[in-house]
Amino acid sequence: MTYEELMQKAIEVSENSYSPYSKFPVGACLLTDKGNTYVGCNFENGSLGMTICAERNAIGNAIANGERQIKAIAIYSPKQDNCTPCGACRQVLHEFCKSDDELDIIVKVGDNLKTYTLAELLPESFTL
Ligand code: THU
C-alpha cells in the first residue's frame with residue numbers, strides 16, 4: 001500500500017463526510033502494522049461539541065477490528081491544503097503507535113504529498 005493509495009482512499013471517504021455545520025469535509029485512511037487499512041470521515045452534530053474528526057473515526061474503526069498499531073495515516077480535506085490533525089487527534093494517534101517518530105502523517109499540498117512524523121507534530125507527547 002503506497003502513500004498515494006492511502007491518500008486516494010482518504011479522498012474517496014471524504015465524500016461521505018457529514019459536515020453540514022462547518023461545511024468542512026475531511027477523510028482519513030490509516031495503515032496498521034498488519035498491513036490493513038481503515039477509513040474514517042468527520043461527522044458533526046447539532047450539539048456541536050459532539051463532532052467526531054475523520055482521524056478518530058478511522059482509529060475507532062481500526063481498534064474495533066482488533067488493531068493496536070498505526071504506521072501511517074493520510075488526511076484530506078477538499079477545503080484546505082496541508083490538513084494536519086487537530087491536537088486531540090494527535091494525542092489519540094500517540095496512543096496507538098510504536099513510537100511517535102515511526103508514525104507518518106501524510107497530507108496533500110497542491111498535487112504533492114507531504115509527510116510529517118507524529119514526533120514533529122506532537123513534541124514532548126504525554127504518556128500515562
Ligand atoms: N476535522 C477533522 O475531521 N479533522 C481534523 O484534523 C480537523 C478538523 C473536522 C471537525 C469538524 O467537523 C470540521 O473538520 C471543522 O473543524
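Begin by selecting Lys23, which counts as exposed because its relative accessibility is 53% and anything over 50% is called exposed. As you look around, keep in mind that this is a predicted model. Lys23 sits in the loop between helix 1 (3-14) and strand 1, and its phi is near 55°, a positive value in a residue other than glycine.

Next, select helix 2 (residues 54-64) together with helix 3 (residues 87-95), whose axes lie 9 Å apart and which pack at an angle of about 25°. That angle makes helix 2 roughly parallel to helix 3, because angles under 35 degrees count as roughly parallel. If you turn the view, you can follow helix 2 as it passes helix 3 in a left-handed crossing. To see where the two helices touch, show the side chains of Glu55, Arg56 and Ile59 in helix 2, which meet Ala88, Cys89, Val92 and Leu93 in helix 3. The residues of this contact divide into five nonpolar, two charged and no polar.

Now move to the largest nonpolar core, which has 22 residues, and select Leu30, Ile73, Leu93, Leu103 and Ile105, the members that touch the most other members. At least two residues of this core come from each of strand 1 (27-32), helix 2, strand 3 (70-76), strand 4 (104-109) and helix 4 (118-121). Which element gives the most to this core? Helix 2 does, with four residues. In soluble globular proteins, nonpolar side chains tend to be buried together.

Stay with Ile105 and display what surrounds it: leaving aside neighbours within four places in sequence, Ile105 is in contact with Ile73, Ile75, Pro85, Leu93, Lys114, Thr115, Tyr116, Leu118 and Leu121.

Is Pro123 buried or exposed? Pro123 is exposed, with a relative accessible area of 55%. Glu124, at 80% relative accessibility, counts as exposed, and its phi is near 55°, a positive value in a residue other than glycine.

Note on methods:
Residues numbered from 1 in each chain as written. Predicted model: local features only at pLDDT ≥ 70, side-chain atom pairs only at ≥ 80, totals over all residues. Heavy atoms only, no water. Axes fitted to C-alpha atoms, helices over the stretch in contact; angles between N-to-C directions. Parallel < 35°, antiparallel > 145°, perpendicular 65-115°, else oblique. Left-handed = near helix turned anticlockwise from the far one by under 90°. Contact = heavy atoms within 4.5 Å. Nonpolar A, V, L, I, M, F, W, Y, C, P; charged D, E, K, R; others polar. Core = buried A, V, L, I, M, F, W, Y, C linked by side-chain atoms within 4.5 Å. Buried < 20%, exposed > 50% of the residue type's maximum accessible area, 1.4 Å probe, protein only.
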